[in-house]
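Dear colleague,

I am passing on a structure that I would like you to look through when you have time. My notes follow below it, in the order in which I would go through them.

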Amino acid sequence: MSMDRREAIKRTALIMGGLVFAPSAMGVLNGCKARPGVDWNPEFFDNDQARFVTVLSDIIIPDTDTPGASAAGVPAFIEEMVFTAYDEDARERFLSGLEAFNDLAREEHGNRYLDLDPEVQFQFADSQNRLAVGGEHLDEPGTAFFLVMKELTMMGYFTSEIGATQTLRYEKVPGRYEGCIPFDEVGKTWAT
Amino acid sequence: MNLNLKAKKQNTYDAIVVGTGISGGWAAKELTENGLNTLVLERGRDVPHGEYPTATKEPWDLPRNDQIPHEEKKHYEKQLRTGYTIRESTKHWWVKDTDQPYEERKRFDWIRGYHVGGRSIMWGRHSYRLSDLDFEANARDGIAVDWPIRYEDIEPWYDHVERYAGISGEALGIPHFPDSQFLPPMELNCVEKHAREKIAEHFDRVLTIGRVAMLTQPHEGRGACQYRAKCIRGCPYGAYFSSNASTLPAAERTGSMTLRPHSIVNKVMYDEDAGKATGVEVIDAETGEMHEFHARIIFLNASTINTTMIMLNSRSDRFPDGLGNDSGELGHNLMDHHFRVGANGVFDGFEDKYFYGRRPTGFFIPRYRNVGNDRRDYVRGFGYQGGASRQNWWRGVQELAIGRELKEFVQSPGNWTMGMNAFGEMLPDHDNRMWLNFDETDKWGQPIVVFDCEFKENEFKMREDMKNDAAEMLEAAGFKDITTFDDPGGPGLGIHEMGTARMGRDPNTSVLNEWNQVHACKNVFVTDGACMTSAANQNPSLTYMALTARAANYAAEELKKLNL
């Protein structure tokens, strides 16, 4: 049975009417330059937290030949995760971890993270990532926080339309399965 | 008086089917196609085929990466135990535990969906025949009671339901793992094919693609699989078997089906003089009003626990302990499959190979333990479900890279990995049971189900093999970084509840006969999981389909012969 017209229209409507994060829509319309400010209206983060999440997510996944984290709506995704998916303990850990990360930045570079030069912001994030991935200093809340932030950023980005379809590859309706083909025929990692 | 008679006539049918899931849908189709005017009752809301609200949502259409808000979790305390059922895209298919309470003397994971189609919308779609290795098992091992049927009794009915449902898979000619009427199989990927070859070299074991009720070509008016892997949300193409896409529309087309959603069956009414059931008492889930419906035959297909609940709640002078419970076995011998044990490994190689599409199933390794000359320190056996894939962007989280380097890194897939999860047979045991607490009632005034059920020694012994064999096969196939896992969870987690109204030859030790009739009340048939005398290790739905079609056609013939 081919899908009837009513169903087809309904499906299209679902796709078109689906949730799109505002920054993502704006990013597409404005040619993708949507940082470092706050491009969504944070409901729960205060202004500094929102800017922090925007800046750090873009350090983790920057604009390159494809848009980066904030252009894909990642800061809004992180806010929604932290304030609606997390339980209270996890939320507290996230928010105090954010402060601890700033404290580490102050210790090393004399300033909170937001106020560092972009180059220093990258270097500091990179060093925290190396410590965290290496399994070192994970009892340090600021370092552990970085890994949470990295995971949230990647999760938000690669499940966004930009991340899934531009940076990675995604087919809404593949229509067939082939179990063993040259990688070049796909070209990029499947988003899912 | 006249008014009452008229009301009764309006509420009288040839047959009543209670439940619209896998087995209820089949009962509806077979009974109506035999010309019987059939009332089909469903306790939940209607779900016409195609009305699957999240079926075409993409990852970015779903908030929180498809997680539900923390605030909502309190409604799904037990339904959340699977880890995969309660998502933003699927939560509407599952009951809220806050609305549908039950008691646990021991942990039991009762994972349910109440709506037209039941769990035929969310099922795993794996479809395997049982064989005489299974039907003879209880008699051979001296456990519980013997099945009253053998493979030859059910074989033509497997054929019958498979031709309609559409089962894709590979014919293997293994006697204890009988082939179905197959549509073309889905394809194994590179690493699964490699593993299949290596496992066959080292062991007398076969890795094959899952046999699944999914269409690899258009079939019976339904569309072929589009490889989106969003099955659990409902398939707009009708590409997998569900009551909504398949059996209920067929029953509807006969013009003989009346479908009544929001109808909670409270009890089966029994007429002592006639020695028969006369109908069912129904609570309207929306209004709370009580209605009576009458019929010559009644099919209970409410799902294992709910079917037995209805029977236990159907108390009369003749059946003080529940309809058909002369044996005292009603509610006992509760089974599930035990699983969540196996191994994972990483494969070096095939780095230049990938796949296209999201194949919504994996491979299967049929049972090989306690088959032929193989003898273990436990009885029965297990099969494996598994799959190979390539690591995706997740691997970037634990990588040294961030920034541009991270983005580029995850654009190439990582290593191939493969996992396998064993599903083992759970023995029927009189002590594993459910019953009703009549002192506590839910919001419709129905008694609360109580579970007292656990995995026992045979299951735990089997799990050693289930774990070690998986690691052994991965090793033989050249995988590295092999890790094993073993976390049984509670019974019920397999969502394959079985038993509690078992079939058997002797009315003194079983509830149902060889035609799924209640021994002591022949116009009531039970053809859902409650009827299972043993669990086997295979996913059970295909067997429910076949038993239902067989019983429904028998019932229709007996009605014509005026034997019921």
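A crossing of two helices is called left-handed if the near helix is turned anticlockwise from the far one by less than a right angle, and right-handed if the turn is clockwise. Please keep in mind throughout that this is a predicted model.

With that convention in hand, the crossing of α4(A) and α7(A) is right-handed. Helix α4 of chain A covers residues 74-85 and helix α7 of chain A covers residues 141-158, and their axes come within 9 Å of each other while crossing at roughly 115°. On the α4(A) side the contact is made by V74(A), F77(A), I78(A), M81(A) and V82(A), and on the α7(A) side by M149(A), L152(A), T153(A), M155(A), G156(A) and Y157(A). Sorted by class, this contact of α4(A) with α7(A) holds 9 nonpolar and 2 polar residues, with no charged residues.

Chain A has 192 residues, of which 49% count as buried. If one takes the contacts in chain A between residues at least 6 apart in sequence, 55% of these contacts join residues at least 24 apart.

Turning to the aromatic side chains, a search of the whole structure finds 43 aromatic pairs over all chains. One of them is formed by F45(A) and F83(A), an edge-to-face pair with 5.3 Å from centre to centre and 85° between the planes. F45(A) lies in the loop between α2 and α3 of chain A, whereas F83(A) belongs to helix α4 of chain A, so the pair ties together parts that are 38 residues apart in sequence. Since buried means under 20% relative accessible area, F45(A) counts as buried at 4% relative accessibility, and F83(A) counts as buried at 19%.

A further pair is that of W190(A) and Y356(B), which is edge-to-face because the ring centres are 5.4 Å apart and the planes stand at 80°. This pair crosses between chains, from W190(A) in the segment after β1 of chain A to Y356(B) in strand β12 of chain B. W190(A) is buried, with a relative accessible area of 6%, and Y356(B) is buried as well, with 8%.

In chain A there is also one aromatic cluster whose members include F44(A), F45(A), F83(A), Y113(A) and F146(A).

The 20 residues of helix α11 of chain B (residues 541-560) should span 28 Å at 1.5 Å a residue, and the end C-alpha atoms are 29 Å apart, which agrees. Of the 20 residues of α11(B), 18 are buried, and the helix is thus described as mostly covered; just after α11(B), L562(B) takes a positive phi of about 60°. Helix α10 of chain B (residues 457-476) likewise has 20 residues and reaches 29 Å from its first C-alpha to its last, close to the 28 Å expected at 1.5 Å a residue. G478(B), which follows α10(B), has a positive phi near 90°.

N47(A) and D139(A) are 92 residues apart in sequence and 28 Å apart in space, taken from C-alpha to C-alpha.

With best regards

How values were computed: Residues are numbered from 1 along each chain as its sequence is written. Chains are lettered from A and ligands numbered from 1 in the order in which they are written. This is a predicted model: local features need pLDDT of at least 70, side-chain atom pairs count only at pLDDT 80 or more; totals for chains, interfaces and linings use all residues. Side-chain values use heavy atoms; hydrogens and water are left out. Axes are lines fitted to C-alpha atoms, for helices over the stretch in contact, and angles run from 0 to 180 degrees between N-to-C directions. Helices (H or I, at least four residues) and strands (E, at least two) are DSSP runs, numbered from the N terminus. Contact means heavy atoms within 4.5 Å. Ala, Val, Leu, Ile, Met, Phe, Trp, Tyr, Cys and Pro count as nonpolar, Asp, Glu, Lys and Arg as charged, and the others, Gly among them, as polar. The expected span of a helix is 1.5 Å times one less than its number of residues. Buried means under 20% relative accessible area, exposed over 50%, partly exposed in between (1.4 Å probe, protein chains only). Rings of Phe, Tyr and Trp (its six-membered ring) pair if their centres lie within 6.5 Å; planes under 30 degrees apart count as stacked, over 60 as edge-to-face and the rest as tilted.
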